[in-house]
Amino acid sequence: MGGGKMKGFLKYLSPFAPDNSGVVSALFEFGGLIAICDAGGCTGNVCGFDEPRWFTMKSAVFSTGMRDMDAILGRDNMLVDKIVSAQKTVKAPFVVLVGTPVPAVIATDFKALRRMAEKKTQVPVLTVESTGVNYYDKGAAKAYEMLFDTFAVEKLPVKPGCIGVIGATPLDFSSPDAGKYIAGALSEDAKIYGMGSGLDDVKNASQNELNIAVSPSGVAAALLLEKRFGTPWKMFCPWIPESVKNAAASLRGKRVLVVHQHFAALAMKELLLGSGASAVSVASWFSMERSLMGNDDFQLREEGSLADAAAGFNADVVIADRNLKKVLAGFKGSFIDWPHFAVSGRLLD
Amino acid sequence: MAEHYYYITAEDLFSRGVKNIPDELVGNKNLIYSSPATLAFNSPGAQGFGVKRAGLAVPDSVMLLVAPRCCGRNTSALAAPGDLGERFFYLLLDDTDIVTGRHLVRIPEAVAELCDSLEKKPSAVMICITCVDALLGTDMERVCRRCTERAGVPVEPCYMYALTREGRLPPMTQVRKSVYSLLKPLPKRADAVNILGFFTALQEQCELRMLLKRAGVNKIRELASCRDFGEYLEMAEANFNIILNQEARYAAADMEKRLGIPSVELTRLYQLDKVQKQYQLFAAAIGAEFDDGEYFKAAEAAVEDFRNRYGKIAFSVGEWLNGDPFELALALLRYGFEVPEIFGTVGESNFVWIKKIAQLSPGTRISSNLSPTMLLYKENEVKCDAFIGHDARYYHPGIPGIDWNGEDQPFGYSGITGLFRGLEAAFNEWEEGK
């Protein structure tokens, strides 16, 4: 089983989390009215599958319930009226409009929607033009950037020891409690944006002494805050699940291929090299930060890419979500499971 | 400004009339609230059958989902090893595809590669397309013909067009036509019928089968019970079809046109006398006599036993269950129970029940799960003793009840019996757990 080589053809895997799921995941805990511009199916996928917190936390997530005539006639004014009506119930501090394939195909003017909706609701309206075609990290990145751009506007005195963590979502870390674990792994006073820290912390972002992008989706927002307030920032992942660390403890002398979100995979790479692995390669289907890629690292594209990477690197061990075993054709080495929710929909135990 | 969730009493709703249903109860007039009570509306396949799972009801078929990755994401839930997990495949669209339709030229190649890679050749390839192709106006039947020529297996389209769900042919109506479209004309068997409407079989204890057998029907087929493609093809020899879900009417009309199989429709009901009357009319229509006394008595006893033991229970009735919530609520009222609230979608087909509910229980609250104001519904806001329906369970944690949305389909007297015996078991379990 080697996986499909034809562009976009999946024979063994199910699709990974899309950008509209990333948008909702990044913004879920900030208290906004989130309106997914779809007919209903995308909302069902996002809420019922890609957002584990949705089952346990009350949230103001809606589908705009688009129908064929809405799409054909471009009835934006009706959409705005629906948002205004819902906002009277929700009274959210802001509104988010999330793009999906439908507005992408009909070239919805999100800027105009934003203006119309802001005028009528009198609250900020964020529009994230996800398309359902790209991966979740692209959507999360846009969402974080827009969130900070809109709300982190006031320059406040820097608080020593105050750290901002951007890019933590259940999609990246496979746990709705990941915020707690990441905070626990950092010794300083850490604000985990979107997983424990809310809108007020975003507004006070200029107080941060340092920002950390714990996944590639946090990079754009960190750059924005550096440009706006001069806040320095770093790229690294401070937390790896204990179960995965333990399983990877005895790989001295081995060639290991690690597949996960880039920064988490890099953290594992550092750990493995520190414990005597002979060589470690990092691969991901999602965004990879060019400046952090080594010669042996792989940007995966198609389903068959993973088998090629494992063979090309001559890996003894692969550490990845176990769903990816299906596409490791001819791989004779050992496999360590590291759940990645955006890949398989599996949470950590 | 809404400070409270929206509801209207049965009395007020009836007085407004079916042509004047309040906008708060009409889904596409508002944003659609996404809660665990509405998941089945947005994503029917989340628990049960949506277009993707329904399309695979054809035995030995496989499905190629041609869509942006967001449309196939929750299919991961079906991806466990086993039957369904190994029958889904994907051809993902990129940014250029969704604007130009370029993906269409890749589909025949993908179908051919898929068929060649499988150990066993599929009976059919169902190609599922989504909103993108609805907007592009894709002629999927033409693409499927090309695929059939290229791959040498029948290829049929399934339209997961959520954009058209309130149109003339919503997705779950279309897919029912798709799954029967592979049948070819056969000589008719006078003693064979098909049961259409559901993607899972009727409950084993359903009396409809026995009543038909006694009337001389020896072969009763359901799609879900066909073990292989050969058995599926034999559905074409039916003398007539029995429609149990109105979403199957379009499929039945197509079967009549193509295969010469007429149909008769029965309705799932929970009112004992209505079930009896329906069977009488059905028997007369097919020239038979149904002796349904034993089943009637069993259902009657189940209702009485429950009522005698638990008294005048107040039920919260939801719509995420096997039945129409308004008809079920009316049945409960007529059996002597109370129904303080109903969550459901009001339309022309079920407004007839609203009239009777208004007479028996004018103050019953009627709400739509989809209303944004449901964000304000406080748990157990309306005092009830029990719930029926997965959505009603969400609003009432901490009281006994049943979801009544299992895959085995209840119908007729056995549906009523099963409901009340199920409630009894739920109450027993509740009491033991205290």
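This is a predicted model: local features need pLDDT of at least 70, side-chain atom pairs count only at pLDDT 80 or more; totals for chains, interfaces and linings use all residues.

**Entry 1: a strand in chain B.** I then looked up how the two strands are joined: S3(B) and strand S4 (residues 88-92) of chain B run parallel, with five bridges between them.

Next I checked S3(B) for another partner. I found strand S5 (residues 125-129) of chain B, also parallel to S3(B) and joined to it by five bridges. Here I noted Val62(B), which stands opposite Val125(B) of S5(B).

Which way do the residues of S3(B) point? I wrote down Val62(B), Leu64(B) and Val66(B) for one way, and Met63(B), Leu65(B) and Ala67(B) for the other. Both sets are buried. Strand S3 (residues 62-67) of chain B is therefore largely enclosed by the rest of the structure, as six of its six residues are buried.

**Entry 2: a helix in chain B.** I moved on to helix H9 (residues 171-180) of chain B and found it mostly covered, with nine of its 10 residues buried. Among the buried ones I listed Pro171(B), Met172(B), Gln174(B), Arg176(B) and Tyr180(B).

What covers the buried residues of H9(B)? I found S5 of chain B in the list, so I was back at a strand from my first entry. The cover also includes strand S6 (155-159), strand S7 (192-196), helix H3 (51-55), helix H11 (229-233) and helix H12 (249-259) of chain B.

**Entry 3: a histidine.** I looked up His396(B) and found it in a loop of chain B, between helix H17 (390-395) and strand S15 (401-402). Is His396(B) buried or exposed? I read a relative accessible area of 1% for His396(B), so I put it down as buried, the cut-off being under 20%.

I then went through its surroundings. Leaving out residues up to four places away in sequence, His396(B) touches several residues, including Ser316(B), Glu341(B), Tyr377(B) and Phe387(B). Asn380(B) is also touched, and the side chains of His396(B) and Asn380(B) make a polar contact at 2.9 Å.

**Entry 4: over to chain A.** My last stop was Ile72(A), in helix H3 (residues 68-73) of chain A. I noted Ile72(A) as exposed, because its relative accessibility is 60% and the cut-off is over 50%. Together with Met69(A) and Leu73(A), Ile72(A) forms a nonpolar patch on the surface.

Note on methods
Residues are numbered from 1 along each chain as its sequence is written. Chains are lettered from A and ligands numbered from 1 in the order in which they are written. Side-chain values use heavy atoms; hydrogens and water are left out. Helices (H or I, at least four residues) and strands (E, at least two) are DSSP runs, numbered from the N terminus. Buried means under 20% relative accessible area, exposed over 50%, partly exposed in between (1.4 Å probe, protein chains only). A polar contact is a pair of N or O atoms within 3.5 Å; within protein, one must be able to donate a hydrogen and the other to accept it, and residues adjacent in sequence count only if both atoms are side-chain atoms. Contact means heavy atoms within 4.5 Å. Patches are made of residues with over 30% relative accessible area and no salt bridge: like charges are joined within 9 Å, nonpolar side chains (Val, Leu, Ile, Met, Phe, Trp, Tyr) within 5 Å. Accessible areas come from the Shrake-Rupley method with a 1.4 Å probe; for residues, only the protein chains shown count as cover. A salt bridge is a side-chain nitrogen of Lys or Arg within 4 Å of a carboxyl oxygen of Asp or Glu. Two strands pair if DSSP finds at least two bridges between them.
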